[in-house]
Amino acid sequence: MIEIDGHHLSIDDVVAVARHKEPVSLSAEGREAIRRSHRWLEQILQDDKPVYGINTGFGIFAERRIKPEARDRLSRNLILSHAVATGSPLPEDIVRAAMLIRANTLARGHSGVRLEVVQTLLDMLNHGVTPIVPEQGSLGSSGDLALLSHLALVFTTDADDRWEDSGWASYQGQIMRGKDAMQAAGIKRLILGAKEGLAINNGATFSAAIGALVLHDTETLLRTAEVTLAMTLEAIMGCIEAFDARIQAARGHPGQVRVAEHVRRLTHGSTLLGRAQRVQDAYSLRCAPQVQGAAWDAFNFVTQIIEREINAATDNPLLFEGGAVLSGGNFHGEPVGMAMDFLGIAVAEVAAIAERRIFRLTDGKLNGGLPPMLVDFPDAAGLNSGLMMPQYTAASLVLENQTLAHPDSVHSLPTSGEQEDHNANAMTAARHARQIVLNTAHVIAIELYTAGRALDLRLRQYPDARLGQGTYEAYRLLRERVPYQAGDAWWGPEIETVRMMVQEGLFAQI
């Protein structure tokens with residue numbers, strides 16, 4: 001059971017709830033914080049002073065006062081009018097992650113919502129009601145307004161309780177109207193009170209949700225990329241000297257030190273390393289600690305940003321002790337957008353250097369005496385294409401990554417009559433970072449597949465050779481699922497099997 005309190009949600013918690021359906025509850029501290037902030041809100045409503053989003057309109061309409069009897073309608077209108085996202089539905093795990101993060105944000109106790117709002121989100125998570133949320137339409141600045149509004153359609157309502165205004169949701173494997181899904185799960189839909197609509201849809205929550213899940217997947221890829229690097233290094237009979245601890249210490253970057261240490265451990269006991277008697281290897285091998293290590297350093301920085309964000313109060317205005325109501329900009333997604341841009345660049349570089357190693361393995365002039373394209377034996381070249389085309393696929397994905405890695409957070413267009421005149425583009429940055437990670441998983445799988453075949457051929461060439469302890473374990477795991485095939489075959493399904501093994505984290509544990 002994951003317990004949230006607005007302060008201690010971790011990325012691992014997000015993954016557990018979003019992907020593994022771990023139950024979630026609200027701590028006693030979280031309950032008290034929510035009740036306390038709602039009491040503050042009730043006092044503000046009694047004072048009847050103009051406060052943005054509580055008794056005024058939104059955005060360009062911030063100066064318009066709302067009558068007390070219309071405040072509930074104000075919240076419902078906000079949700080209805082803002083649910084205008086478009087595009088393909090987001091995967092279920094992203095929506096579940098966003099629901100958890102939004103509940104945790106409200107549990108911090110600065111939003112003024114009733115306890116029922118948070119509990120309803122948790123009930124939906126625990127009973128498997130997942131709103132259908134389109135992926136496009138958020139600038140990530142006034143929060144992921146459109147996306148969060150689609151989420152809110154499912155569990156909020158009004159006096160009319162119109163079926164067609166309840167959005168769509170998934171429940172027990174079926175897509176149905178949100179109202180039907182909530183009824184089937186036995187969860188009551190809520191009529192929102194003052195500020196509650198804004199508290200639900202104001203914050204870069206979907207951007208942060210993608211960020212948390214992408215970081216989890218990135219860690220798996222970075223670990224696996226060190227395994228594939230080590231396998232390629234042995235297949236090429238490369239120089240282990242470039243991974244010497246003294247070289248890494250002389251520069252001092254933690255990620256670089258980490259990568260080199262892991263490769264040394266993986267290749268410990270290898271008799272293939274150094275057999276080519278080269279003075280030094282190409283950059284894709286020799287400089288891999290510097291490149292892949294930089295990605296680790298970026299990963300650690302981005303992790304700090306996302307962990308702060310998933311425990312942050314991100315709506316506006318925020319309520320504080322003593323009746324203070326402060327209007328600010330915590331909904332602005334710039335921290336998340338920049339972080340996702342940075343992560344995308346880092347992971348794209350990991351894919352890029354891996355593709356260069358794939359190319360080197362398949363080039364008969366560069367691979368240290370292996371057959372061209374890793375055909376079974378040199379005379380088979382021509383009749384067989386070998387692994388020519390998997391390298392094409394890797395190159396295509398790397399080129400796509402290079403476009404996707406162009407920063408999104410530097411782009412802005414004004415909205416809401418220039419009131420919102422600098423936007424973060426955070427959701428686009430998060431979506432692009434996610435796609436880069438998906439592409440990179442396939443590139444890493446291709447390197448693993450290619451290096452495994454190269455090791456088969458190298459061990460045939462040197463029957464007395466011995467693999468390193470870690471690389472042997474990776475090679476053994478690969479061959480358990482995907483046996484060696486001598487002639488041309490349909491490589492695609494086999495590479496897909498390896499990709500799934502990579503994403504499951506099987507090689508990251510070596």
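I started at the hairpin of S7 and S8, where 2 residues lie between the strands and Gln-172 has a positive phi near 50°. A reminder to myself: this is a predicted model. S7 (residues 168-171) and S8 (residues 174-177) run antiparallel and are joined by 4 bridges. I found Tyr-171 opposite Gln-174 in S8.

Next I looked for another partner of S7. Strand S4 (residues 129-131) pairs with S7 in the antiparallel sense, over 3 bridges. Here Pro-131 stands opposite Ala-169 in S7.

Then I turned to the helices. The axes of H9 (residues 205-235) and H14 (residues 334-362) come within 10 Å and cross at roughly 20°. Angles under 35 degrees count as roughly parallel, so H9 and H14 are roughly parallel to each other. The crossing of H9 past H14 is left-handed. I noted some of the contact residues, including Leu-215, Leu-222 and Leu-229 of H9, and Val-347, Val-350 and Arg-357 of H14. By class, this contact of H9 with H14 has 13 nonpolar, 5 polar and 1 charged residues.

My last stop was H4 (residues 92-107), which packs with H9 at an angle of about 115°, the axes being 8 Å apart. H4 passes H9 in a right-handed crossing. Among the residues in contact I wrote down Asp-93, Ile-101 and Arg-102 of H4, and Phe-206, Ile-210 and Leu-213 of H9. What classes do the residues of the contact of H4 with H9 fall into? I got 10 nonpolar, 1 polar and 2 charged.

Key: Residues numbered from 1 in each chain as written. Predicted model: local features only at pLDDT ≥ 70, side-chain atom pairs only at ≥ 80, totals over all residues. Heavy atoms only, no water. Axes fitted to C-alpha atoms, helices over the stretch in contact; angles between N-to-C directions. Parallel < 35°, antiparallel > 145°, perpendicular 65-115°, else oblique. Left-handed = near helix turned anticlockwise from the far one by under 90°. Contact = heavy atoms within 4.5 Å. Nonpolar A, V, L, I, M, F, W, Y, C, P; charged D, E, K, R; others polar. Pairing = 2+ DSSP bridges.
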